[in-house]
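Me: I've got this one open on my screen and would like to talk it through. Can you take my questions one at a time?

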Amino acid sequence: MQTLRRTPLHDRHVALGARLVPFAGWEMPVQYEGVIQEHRAVRTDAGVFDVSHMGEIEVEGPTARDLLQAVLSNDVDRLEPGGAQYTLLTNDDGGIVDDLIVYRLDEHRYLVVANASNSDAVRDWLKERELRGSDVRDVSDDYALLAVQGPRALARLELEPAQAFTWSMGQVDGVEVMINRTGYTGEEGVELACMSDDAGRLWDSILARGVTPCGLGARDTLRLEVCYPLHGNDIGPQWDAISSGLAWACALDTEFTGVERLRAIKEQGPEQKLVPFVMTEKAIPRQHMTIANGGEVTSGSMSPMLDVGIGMAYVPAANAKAGAELVVDVRGRPKKAQVVKKPIYKKEPSE
Amino acid sequence: VTASESYPDDLLYHPEHDWARIEGDEAVLGVTWFAQDALGELVHYEPPAVGATISKDASYGEVESVKAVSDLISPLSGEVLEVNQQVVDAPETVNEDPYGDGWLIRVRMTSPEEREQLLSLDAYKQVLADA
């Protein structure tokens, strides 16, 4: 058996009594006190997630832009220094090798943040396509990444609000951090990158500020409520980016791997679509459950905020409109669900 | 509020972390503290129908947490007399009180001698120690 990798915060997770599980080759906290409690902390106050298992790859050099533009779906030229962009690494069929956030560090330097399970593949993919004048380096071990998310996240950290998908350098209680205005929960917040050696100090500071430690369990239910796809569940190399509902992250007027296929699918309309749904009968949908009137569930859970079963599924395009009825096979029991608009959970507007 | 770990000595146990409280020719069934702790906060209880026949060592229903689904294994064979509606409506009751308000079903035993195969508290504690 392969030894599981540990983040710099492993000892702290153990000390907090976290339930640790294998995830993408890492031993990660799935929960501390409980998924539902942690989920609600993020929706009502602030939670912190150790996401140091995610991969960081630096691409540097005068042709770094050319390399990224040739392999990524979004338009790298729309990215200014100080900016961040959601983008896809696509294969020849327009399938999704990984979904990424690219940060432009300076004129000729970019930081690519990849999913833990795909980090090596993304690095190798970029490395194999390195151009003269571009250098690809895996810097995953150098950095720890802590996501602090929730309506009170900025107040707890005494950070000023800033535009989403930007980053700046700053400090949290004396620890130098890259403050990224990104996240995976649908809440306001930041993702803080720091040197691995500083991770413990940063984590302790964040907890001392009253932020709730949260595991990957809550991270999954939070992202599902707001319909952020999870690579390996809802998106992957076998589904093209258009069917996956990610056309908005594909600059089809630029040239990148698989773009011709994606243009064709866009033109003809996809045969199936990834849709969010809510159970209208009491049941919890789960990944890989089949849908009697066509399709398959890719993610499913109980929504801690709505207290109903929710999920995402690929369904035939004809059945993908909001309001369409789905019948999910819940271990032999047919249970009704309804396609809804994104996001499944929407915050009440605050006064 | 999640209950603290306990295993009453007036119950009979099944190695799949289920308990039975024998009351004459009837039995009340539930899951142990260990089972609810392993699952986490329960969010769904799929009970059998009243009148259904259940068999020892076979699944009679399901409980689900946010992350996991678990079959309920019956410690005894019987006919379902009653389902705990409180747990259907509020599955977290099992986490709060696994041996009291968190009971799952009441059955009329069809093979009462099966109780001889169930575990005493000490034997179940040995199962937990070996887990």
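Me: Let's start with β9(A). How many of its seven residues are buried?

Reply: Keep in mind that this is a predicted model. Buried here means under 20% relative accessible area. By that cut-off β9(A) is mostly covered, and the count of buried residues is six.

Me: Which strand does β9(A) pair with over seven bridges?

Reply: β9(A) has a link to β3(A), but four bridges join those two, and they run antiparallel. In that pairing, Gly47(A) has Gln149(A) of β9(A) as its bridge partner. The seven bridges, also in the antiparallel sense, go to residues 189-195 of chain A, which is strand β12.

Me: And which residue in β12(A) stands opposite Tyr143(A)?

Reply: We're still on the antiparallel pair of β9(A) and β12(A). Opposite Tyr143(A) you'll find Met195(A).

Me: On to the interface. Which three residues supply 40% of the area that chain B buries against chain A?

Reply: The contact takes 16 residues from chain A and 15 from chain B. Together the chains bury about 1,300 Å², with 49% of that on carbon and sulfur atoms. On chain B's side, the trio that supplies more than any other three residues is His44(B), Val66(B) and Lys67(B).

Me: How far apart are the closest N and O atoms in the salt bridge of Arg333(A) with Glu46(B)?

Reply: The rule finds eight salt bridges across this interface, and ten residue pairs in polar contact. A salt bridge needs the nitrogen within 4 Å of the carboxyl oxygen. For Arg333(A) and Glu46(B), the closest N and O atoms are apart by 3.4 Å.

Me: Last one: how many charged residues are on the side of chain B that touches chain A?

Reply: The elements giving two or more residues to that side are α1 (33-39), β4 and β6 (59-65) of chain B. By class, the side has six nonpolar and three polar residues, and the charged ones number six.

Definitions and conventions
Residues numbered from 1 in each chain as written. Chains lettered and ligands numbered in written order. Predicted model: local features only at pLDDT ≥ 70, side-chain atom pairs only at ≥ 80, totals over all residues. Heavy atoms only, no water. Contact = heavy atoms within 4.5 Å. Buried area = accessible area lost by both parts, 1.4 Å probe. Salt bridge = Lys/Arg side-chain N within 4 Å of Asp/Glu carboxyl O. Polar contact = N/O pair within 3.5 Å; in protein donor to acceptor, adjacent residues only side chain to side chain. Nonpolar A, V, L, I, M, F, W, Y, C, P; charged D, E, K, R; others polar. Buried < 20%, exposed > 50% of the residue type's maximum accessible area, 1.4 Å probe, protein only. Pairing = 2+ DSSP bridges.
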